[in-house]
Each structure stands twice: as C-alpha cells, then as structure tokens.
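I am opening a notebook on this structure and will go through it piece by piece. Each entry says what I looked up and what I found.

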Amino acid sequence: MLVIRNSSLRRILRVLIPFVAVPLAVLIGAYVFEDKMYAYVSLLITVLAIVLFISGFERRETGSRRMVIVVVMTVLAVVGRFIPIIKPVAAITVISGVFLGGESGFLVGAMTAVISNFFWGQGPWTPFQMFSWGMIGLFAGILSRYLKRSKPILYIYGAFAGVLFSLIMDVWTVLWYEDGFSWEPYLTAIASAAPMTILYAVSNIIFLVILFEPIGKKLERIRTVYGI
Amino acid sequence: MKPLEKYNPGVLFFYFLLLASIAMFAANPVMIATALMAMIAAASSYTRDGLGRACVFFFIIFVLTSLANPIFSHNGVTVLLVVNDNPITLEAVLYGVMTGVMIFSVLLLFRVFSALMTSDRLLCIFGRAFPKLGLLLAMTIRFVPLFGRQRRKIENTQKTLGLYKNENAIDTIKGKLAVMSAMTTWGLENGIVTADSMSARGYGVRRSRTSFSMYRFERSDAVLLVLVILSCTFIFFGIATDMLKTDFYPRMKLPPFTVYSVICYVLYAGLAFFPFAAKLRDRAHRAALDRVKMHGGSESSFGEKIRSMYQNETEERSTFGEQ
Amino acid sequence: MEVLRAENLNFVYPDGKQALTDISISLGEGEMMCVCGPTGSGKSTLLRLLKRELSPRGERSGSIYISGRRQEELGDREAATQVGFVMQRPDMQIVTDKVWHELAFGLENLGVGQGEIRRRVCEIAGYFGMEEWFDKSTDSLSGGQKQLLNLASVMVMQPRILILDEPVSQLDPIAASDFIATLGKLAREFGISIIAAEQRLEELVPVSDKLLAIKDGRIAAFGDTRECVERLVSDETFAPYMPAAARLFAKLADISKEFCDACGYGAAGKNASMPDSEITETGVHIKPGVEEKLCEEENPCTEGRKQKSRIPLSVGEGRRFLRDTKNIFEEEKCLTARSEGKYDSELCDARTEKTEGIRKDSKVGSAKESQNASRETALEFREVYLSYERTGKDVLRSLSLKVMKGEIFCIVGGNGAGKSTAVCAAAGLVRPYSGKIKVFGKNIRDYKGQELYRECVALLPQDVQTVFLTDDINGRHPYDLSGGEQQLAALDIVLATKPKLLLLDEPTKGLDVSLAESLCKKLKGLAAAGTTIVVVSHDVEFASAIADRCALLFNGEIVSVCESRAFFAGNYFYTTALNRLLR
C-alpha cells in the first residue's frame, strides 16, 4: 500500500481533501459541466477518497488488513441496503468512522454508494451519495472521541447525519431538474423531502442503537488481536 | 460490426457518455425523440427484464417533471388555463414534456449502460486509471455475493438451532439482527485470511501496482471510437453554434431544417440506434447458426445427414477442381 | 542445492506462550517436505515464520535462510516472490472476483506490464488446465477448483519455495488427491521446494521426500520420509497420523516378532536354524525357512534390512509388500490366532473380511434388518426429488432411505452427489418437489413453524462457523479456537438443543486424528443413549469407524445401502485405505 511518509503533508491532505477538494469537485461538476458529467465527478471524488484514505496510514504492514476490513464494512453496508424501508448504510458508515478512523469511514460511505448502485442503478446521483455518506463517515471519525464516550451525542449525530444526507441529496434534485442552483426550488425540495429526512434520521438512530456496541466490540477485537 | 458486448469497455464507456451528453445538452425535440425511441429499443433488447418494472418508476418521474414545469414556470404566451391566478402556458407544458422525455430516455440509457457495464468492464476502465481503486472495487464486488451466501447459511443453521422459536415479529427482527452480527464477526475474522493472502502475494511491495485486464483494444474498437468522435464533434459544433437550438419562450420555435441539422439528426440516429442494430445483427447471426444446427446437426434425420455430407464433399471437390 | 534452512528457531507469542523451541530444518531444491503434528503443536507458526510477510507477532530467535540469504536481508519484492504461501480456507484466500484477475493479482502487485501479465497468466492457466473456467467469476467455482486457483495464483509469481498450511483439509478426498498430485508434479517438473502441513498424511507422505514431525513446538522427527515413518509408526502420538500401509506393516512386524518369540526366536535368535516342525499349539503351519525371512524383513528391530523390506508408505506399496509375504501368512493362521485373541483385532478384521467376512456380515445384516423392522423409523425418505432451480438439474432423484431409531447411519459419496442437500432436506431447510420425507413417522410438512427443531431435529452444518451466534463460548472467542476445536464447540451447541435426530454434515472436516477419535466416542455414546445420528461425509475412515449402516449416494440417488462392514468390504473406491490394501 502506498504510504505518504511526510506527516505534515498527510495532515494537510486530511483537511484539504474533505473540506476543499471534494466540495469543489461537486460544485465544479454541477456548474461547469452543468451536472451532466456525473461520471467524471464520481470518479474524481472516489479518487480523492482513496488519497484521503491512504493519508490515514501510519504503518505499512497493516495496509492489507485494514483494507480488507474496510471492504468488509462496505459489504455490510451494501448488503444492509437491501433491508426494506430503513437502511443501515449511514449507521455502518458512522461506526466505521468511529472505530477505524475518519478516512476509513469516508471510504466505506463512498464505496457503498458506488457498489450498491450496481444493484440500485448508477446515475448522476451517485457522486452525491458518495459525498454525503463519505462525509458522514469522516465527521464520525473526527468526532470519534465524543461519540464513543456519550450515547446521546452519538444519537444526535446519527439524526444530524440523516438530515445532512437529505440536504445534500436535495441539492442534487434541484441541480438535476432545474438548470443551476437557486434557493426557492431548493427549499421546496427540502420541504417535499421532509418525510424522507425524518426516516433517514430515525433509521440512523435505530441502527446506531442496535449496531454500535456489538460491531464496535468486534472491530476493537480485530484491532487488538490482529494488530491493525 | 461485432456484438456490443465485445467492444473494449473504455470505448463503450466513452460512447455512452457522449450519447447521454448530447441528449442532455441538445435540448432539441427531434434528437430527444430519436434518443427516446433508440433507448426503448435498446433497453428492451439488452436489459434482462426488458422495459419492465423500472420503467414504471421512470414513467412516474417523467409525468412529475412534465407537470412540475408548468406549475413552477409561467413563461410563454399561449395561456391554456389559469389556476389560482397562475397561468398555465402551452410553452411551459411543452418544455416540461421535453424535459421529461429527455430524463426518461437518459434514465433508460443508464439502464442499458448498467446492463452492459458489468463489474469487470467497469473495473477495466477504473482499474487502468486508478489501480488501487480498481482493486478495492473488485474485492467488494467479490465479497457481496459471498456475504449473501453466508447470510443464508447462517440463517438456515440458526433456524434449526431454534433462533426464531417464538414465531412473532419481534423475535424475527431480533433473529435477523443476531444473524447480521454473526455475519459481521465471520466477515471480519475471515477477512484476515484474505488480507494475509494479499500480503503473501506481494501486495504493497511497490508503490504503484498495475491493473490487468483481459480486454484488448482492437481495430474495430478504434473504428468505432473514431466514428463516435467525428460524429459527436459535428453535432457538438451544431449545438455550440445554436444551429440545433429550440426556443420555448416566449413562443416555441423549432430550429429550421438545414442540410447541416439534417446531417446531425441522421448522425445522432445512427449513434443512438447502434446498440439496437448490433443486437439485431447478432440475433440474426445466431438464428442462422441455429438453422445450420437444425439441418446439419446430429439431431437431423439420417438421410439429411448423408445429403449434407455429400454436399460438403462435392463442394470440397469443386474447390479442389478449381485449384 | 539447499533452498531453505532454519537454524535454532525459537518463537514466543506476545502472551508468553512458547510456540517453537529449537527448530532446525533444511530443504533442498525440488524436495517436498511434509509437516505433521497434533493441533496446536506449532506447525502453522513455523510455516508462517518461513514466509516473512505472514510472520506472527512475537519474539523470535534463530535464523532463517532463503536461498542462502538471511530472511531479513531479502528485498520486499524478493520476499514476496521467492516464497509462495497457500492457506487452509479456499474461499477466503481469493481476493478478486474473476479467475483471470485473481491469477494476475500477484503480478499486478509487482507492477508487471500488461503484455507480460497476459502471457504469464495464460501460460499458468493452460498448465493447470483452467481454460474452461478462466472467464468465470471466482464465486462459481467448486472447493477444489478454488484451492487450485489459489495454488496457481501463487505459482504465477514463480516462487522457488511453496509453503502450504493444510491445503486440502477443506477438500473432498478426490479433489485432495488431485491437488497433492499437482504438488508432486510441480516439485518434479520445476524443481520447486514444497513444504506442506496436513492432518492426514495418507496421500501426502508417499510423494514427499522429507518428513518433519512436531510435538509441543519441538522436533519429534526430521529427515528422510521413510526413516521417519518407520520411527514414528511406533510412537504413541504420531502412529495414528501415519499412512495405513505403514501402520499395517508395523502391526505385522509386531506379530512376526510375536511369532519369533513364540518359536523361541527373538530378534537375537534370528540366526538360529528354523524348526522344521509345525507349531501345533497355535495351529500355524510354517514352512521351513519362511519364518526366518519373516523375522528378518518385518521386524523393525532387525538390523541390516534389505531394500524390499522397507516400510510401505502408499496403498500400492503396501499391496506389493503383502503380496510378497502372502505365502507367509495364510488365512487360517490369522483366523486361529484371532480366535485366541492373539492378534490385533483391526488387522484380523480386515483380513477376514475378504474371505468369510462378507458372508458372515450379510447374515448379521439380515439379522439386524429383521431386528430393525421391529424398531421405529426415525427418518424416512420416500422417492424424494429435489432441485434448486425450476428448470435446473435434479439434485436428489428418487432418493429413498430409512434410518432406524438409535442407529448411526452414514451417507458417503463424491462431490455434488447431493449429500448436503439430503441432510438439509431432512432438516426441513429445502423442500423436495416430489416425494415424502418423514421424521419420526410424521411428514415433515406437518411440522408447523419451529416444531421440527424443538428437541427433535438438529443439524451440524458443513460450515460450523455458522453455528456461532455469540462471540463468547465458555469464555473464549469462537474464532480464537482452532478448526478442530470449533468443530467440537459447534457440536456442543447443536447438542444443547437435545435433538432426537442429529444430522451431521462433514463432521470431521479439519479434525486431526485424536479429535476425530474423541468425536467418534462421543457420537457412539449418544447413539447408545438413543439418539439417531445421520452423518454425511467424504471421510470413509471415519464412516467405517462409526456407522452401523452405510449408504453410497451417487448423482442424487442411493445406489447401495448395507451394514457398514460389508459396505466397505464390497466397495472398490469408496472404502478405507486398509480395505484397499487387503482387497
């Protein structure tokens, strides 16, 4: 696995990619290509996610193990998306972020979007899903200390993640059906998507309640036993 | 023309990308209608369940977008009716319908694209450019069916061990969650084996890994690529110079039929119907093969067999005679 | 040329457990080494230490040389390519989703170019005969194909040393022997040095040049295979691991020694003249001079053995050896001796089977059958047809069988014969489209909901990891247990449901000899207490040891069913190594 040895570069990348590069890619994708070049944008975001993930590596020899664990979590999320109505994707992403680090969380979220869309259909919405779920995982990693310590904060974060996801997806709705972004249709979209937003938030909380402890324990065990 | 599946995935990807972009940028009723017809033909011949259930969903989207525009947009001069002091105009309705058709046909195009771009084709494209991403995707794609199978196995075993013994909804949900938890453990613990297998085969030895693909770039791929690029450049030039542009507001105005625009329409129709044509040709070829098998195959009657053998022999003789 | 050498290797795990003590081994080019030892003896630790990338965490002392260079000095690339490693579980070692991609994986890691990868991948696929499934997805392969793919995708990197950690323990016997034959071919044709650890050595020992036996992290024997086998076959721990032919040889040697003693000729007296008279009290008629030959050849204590008297390792060698000594042992000797309880029962049972055994057994069988008729049926299949897909091939066709209460019933058969499907159908997990399955006289469809599983039917599946629902089994994590321990733990969980009918699918997969024995005892105890047990297995040795009755399943139907001993005496392929030896 490729390692970025320079720790300050790593730190810069960790901030730069999620907060500058990825939003920029989405915006450029939306405005310059008029949102129609979703393939390029999703490609670009994925690459950024990978670079971000790589920048999280400290020791090389754990590379393949960590990678497989990320794959396992992704597969869980992908399989979980087949559950009707309430989806555990965001919850699993949050758990990955908390226990494996923000970069891994980002990657789990982003990869889940790409892979599960092989079944649910690829389209211009793919990069937006990648971005939103990725960010949910990343923030979970950054806030992991608080999320691990206090359950209420965790559930609030889960609810917030559901709202965030919905808000970002509404941006897509507006960009896709209207030419360019404007506030009025955006607010309409938010209003019309309110039931979905609540559903997202609720299902995130439900799955965090159910999954956080058991999966967390398993991940902790893997980390200690196999030294990841 | 070879079957579409046999083309290089990169070329196919590029082709679909351009086809979709033209449909979206052109805003030209003729081209969008062409795209719609071509994509209905392609979707019904390439996707497994044809137009199927997904199309109902697409149709709903189509209806919604068609209706949404006249409700939000009140431009246009031909007022059809007034609702709550808001005029519904013919132009807005037409624009809505065109957008709806455009979205509908592009969604169909994605469906054909998804059916054609199997994971290994997509990996061929992504993998070349980003080997690490390619590997990650390949691994996930491998693990998904593996996990699905394991889930069923665990479920079956646990059923015999009395997991769902109370036979009510809460018990079922609890059971499912327990199965999911067991599956997580299984996946994580066995994932270590996969990781070891990767390291044992030199994963991480080099900073950059290559990405191998069985797909070659053949001459027919080059031909298709050149044709696609040429015709798309031609059409894009038309779009850029507003020669194909349709105005809706304040009054709908179709672009005039010029030599240039007609050529554009013909080129675009050629591009859009290419998948369907390739499929038809392939089917005809296969049907011909079946016929040969029926007449000359081992299942045919003895007399026919002798006759066909004899015919082959005479043909061979005649070719020898020519030499 | 020496390719691999380990000197005074010691290893301590972080928890303070001494895994290896003073291991020194060496391996030459093109040599094949077989590693054996009980579960937890340190086999895996040793093999993993030899592959740098997989070295476990812990304290290591001593040195390892690969092609004359210290392991630490090798570059990453060299370390990866020089030593190939194949593990136990075929499924989880596969990384990618397509066969060709999996073959290319190692070369991709090394950064080899497209053209070169294509050439090497295609070459190796041709060599291993993988053209048929080259384009398939790895998910659709059988277990044997998966393991072959794992081997091939290591071989494509052109290693000099190949290390295999129980490569065939998850495979059926036919796939296993194919795999081992392939290994032998690789060693011979490419001069690749091979180290393979395995629980069962029946197939592996005959093809290997060296043998390493480890017990409690120490070397119990190391050196030429035949010499080691000769030494170990009389060792209490290792004797059960040895091939049947070697064990038989050892037994014969013991007997011959007994003969010598009985005649007053011990090992020391072998040069004395042979008696011309018959040994009347045992009823053994020994021709003059024969006994001397016997003593010389078969007694392990005898020094200066001749070439032909070397210990046999394979069934073929064993048969040749038996043919040579046939005139020495006549049937009646054996029989008389048996009546006096003088000989090892295993040997004599096998010997007599051929002549009068079948006759007698058929009598016993019919007697049992009449006895069975009065007993209750626990499980009955009546002309069961089953297929997984609507238009697919029938997996079970016209399967009919009856299992009596309190009986241990074994179903043997090859891969894809429908064994697992049969037990799943008996457990109500799959439904036949025609025919009837009755459990304790009641149609399986009439069991409502979970009724069937309430202290009635239980199934130990092939993949025992599916049994573990919690992460805690008697205070230990199930995945911390070794394969064999997992098997037994899973059985305990299944037994906790107190089943009256216990269905076992390949219960000996991954078990070593001693664990298989304890499993055997446990099951026999259960059966004696009235539990009906149905076992499906590839493992004919186990089946012959445990079953009351056996059935051979082929292509979804039962082709023969009879009392266990007669069954294995009558079969040609599906029989124990001992039976094959004595046919």
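How many bridges join strand S4 (residues 59-66) of chain C to S5(C), and do the two run parallel or antiparallel? I looked this pair up and found two bridges, with S4(C) and S5(C) running antiparallel. The model is a predicted one, and I read every entry below with that in mind.

**Entry: the four-stranded sheet of chain C**

I checked which residues face each other in that pair and found C:Ile66 opposite C:Arg69 in S5(C). I then looked for the sheet to which these strands belong. It is an open sheet of four strands in chain C, in the order S2-S1-S4-S5, with antiparallel pairing. Strand S2 (18-28) and strand S5 (69-70) of chain C are the edge strands; each has a single partner strand, so one side of each has no neighbour in the sheet. I also noted helix H1 (residues 43-50) of chain C, which lies across strand S1 (2-12), S2 and S4 of chain C. H1(C) runs at about 55° to S2(C).

**Entry: the six-stranded sheet of chain C**

I moved on to another sheet in chain C, an open one of six strands in the order S16-S17-S18-S13-S19-S20. Its pairing is mixed. At its edges I found strand S16 (457-460) and S20 of chain C; each pairs with a single strand, so one side of each is left without a neighbour in the sheet. Ignoring direction, neighbouring strands of this sheet are turned by 15° against each other on average. Helix H15 (residues 419-426) of chain C packs on the sheet. I listed what H15(C) touches: S13, S16, strand S17 (501-505), strand S18 (532-537) and S19 of chain C. The direction of H15(C) makes about 155° with that of S17(C).

**Entry: strand S19 of chain C**

Is strand S19 (residues 549-554) of chain C mostly covered or mostly uncovered? I found it mostly covered, with five of its six residues buried. I then took its two partners in turn. Strand S13 (residues 408-412) of chain C pairs with S19(C) in the parallel sense over four bridges. In this pair I found C:Cys410 opposite C:Cys550 in S19(C), and C:Val412 opposite C:Leu552 in S19(C).

S19(C) and S20(C) form a hairpin with two residues between them. I looked at the turn and noted that C:Asn555 has a positive phi of about 55°.

**Entry: domains of chain C**

I looked up how chain C is divided, and the assignment gives domain 1 (2-240), domain 2 (245-343) and domain 3 (370-581). The C-alpha centres of domain 1 and domain 3 of chain C lie 32 Å apart. I asked how many residues of domain 1 of chain C are in contact with domain 3 of chain C. I found 12 residues of domain 1 in contact with 16 residues of domain 3.

**Entry: two helices of chain B**

I turned to helix H1 (residues 9-26) of chain B and helix H2 (residues 29-46) of chain B. Their axes come within 9 Å and cross at roughly 140°. The crossing is left-handed. From H1(B), the residues I found at the contact are B:Leu19, B:Ile22, B:Ala23 and B:Ala26; they meet B:Met31, B:Ile32, B:Ala35 and B:Met39 in H2(B). By class I count eight nonpolar residues in this contact, no polar ones and no charged ones.

I found B:Thr246 in the loop between helix H8 (219-240) and helix H9 (259-296) of chain B. Why does B:Thr246 count as buried? Its relative accessible area is 7%, and buried means under 20%. Leaving aside residues up to four places away in sequence, I listed its contacts as B:Ala27, B:Asn28, B:Pro29, B:Lys253, B:Leu254 and B:Pro255.

For chain B the assignment gives domain 1 (4-117 + 216-291) and domain 2 (123-200). Their centres, taken over C-alpha atoms, are separated by 39 Å.

**Entry: chain A**

I ended with chain A, which has 10 helices and zero strands. Of its 228 residues, 61% count as buried. Among its contacts between residues at least 6 apart in sequence, 74% join residues at least 24 apart.

Definitions and conventions. Residues numbered from 1 in each chain as written. Chains lettered and ligands numbered in written order. Predicted model: local features only at pLDDT ≥ 70, side-chain atom pairs only at ≥ 80, totals over all residues. Heavy atoms only, no water. Buried < 20%, exposed > 50% of the residue type's maximum accessible area, 1.4 Å probe, protein only. Pairing = 2+ DSSP bridges. Axes fitted to C-alpha atoms, helices over the stretch in contact; angles between N-to-C directions. Left-handed = near helix turned anticlockwise from the far one by under 90°. Contact = heavy atoms within 4.5 Å. Nonpolar A, V, L, I, M, F, W, Y, C, P; charged D, E, K, R; others polar. Domains from an automatic or database assignment.
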